[in-house]
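Take a look at the structure below. A short walk through a few of its residues follows.

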Amino acid sequence: MGNTTQGNPVLVTGASQANFGGYTPFEVQSITRAANVIPYSAGDVIMGASNAEFVYSNASQTGGWIVSARITTADTGAIGDFTIHFLNAQPTLFGDGGVFQITNLEFANSYLGSVTLTMGTVGVAIAAIDNTLRIPYSSDGNIYAVLVTYDGITPISGSVWYITLGFENNIPDAFPKAR
């Protein structure tokens, strides 16, 4: 990815968020789990101690596509499958360890899609990535991502989780056609 601080991804902001041919650099958001080791069951939401979901505020104002997603954590209990659900409006808050449920109205009005990623091996920094996504969005500027366990895990206390998203912006007039 290239933008790291001691091996941890960092948010690319300001001038470096400029658009180049419709592509925007990756945006990274993180949560820090509560200081507990309460197991998550399949379908539970992983949330931070002070923030609920991952919020991406640098998504294009004109809409576009989510083209890649990556989960990174040093949580050695994070083995198995995880689903990231994407919405373009703030979802109902589920609480850390709550079961992910989306209302029919939220699904109809703001649900964009999801991706399921498989995490690696116990005892190492763990990452899972999908660079084949093409999830369209029309946004007021925020994309919300909710991280859900697919298999259930026993986490380490206070672990930090990162979700990196790549966006392709919908900029129809960025490069006018020659006449």
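Arg134 touches Trp65, Ile66, Val67 and Glu168, leaving aside residues up to four places away in sequence. Keep in mind that this is a predicted model.

Where does Arg134 lie? Find the loop between β9 (126–130) and β10 (135–137); Arg134 is in that loop. Is Arg134 buried, exposed or partly exposed? Its relative accessibility is 44%. Exposed would need over 50%, and buried would need under 20%. Arg134 therefore counts as partly exposed.

Now take two of its contacts in turn. Start with Trp65. Along the chain, Trp65 and Arg134 are 69 residues apart.

Next comes Glu168. Its side chain is joined to the side chain of Arg134 by a polar contact of 2.7 Å.

Turn to the aromatic rings. How many aromatic pairs does the structure hold? There are 2. Tyr137 and Phe167 form an aromatic pair, with 5.8 Å from centre to centre. Their planes stand at 75°, so the pair is edge-to-face, a label for angles over 60 degrees. This pair links distant parts of the chain. Tyr137 belongs to strand β10, Phe167 to strand β12 (residues 160–169), and 30 residues set them apart. Both Tyr137 and Phe167 are buried, whereas Arg134 is partly exposed.

Methods. Residues numbered from 1 in each chain as written. Predicted model: local features only at pLDDT ≥ 70, side-chain atom pairs only at ≥ 80, totals over all residues. Heavy atoms only, no water. Helix = DSSP H or I, 4+ residues; strand = E, 2+ residues; numbered from the N terminus. Buried < 20%, exposed > 50% of the residue type's maximum accessible area, 1.4 Å probe, protein only. Contact = heavy atoms within 4.5 Å. Polar contact = N/O pair within 3.5 Å; in protein donor to acceptor, adjacent residues only side chain to side chain. Phe/Tyr/Trp six-rings, centres within 6.5 Å; stacked < 30°, edge-to-face > 60°.
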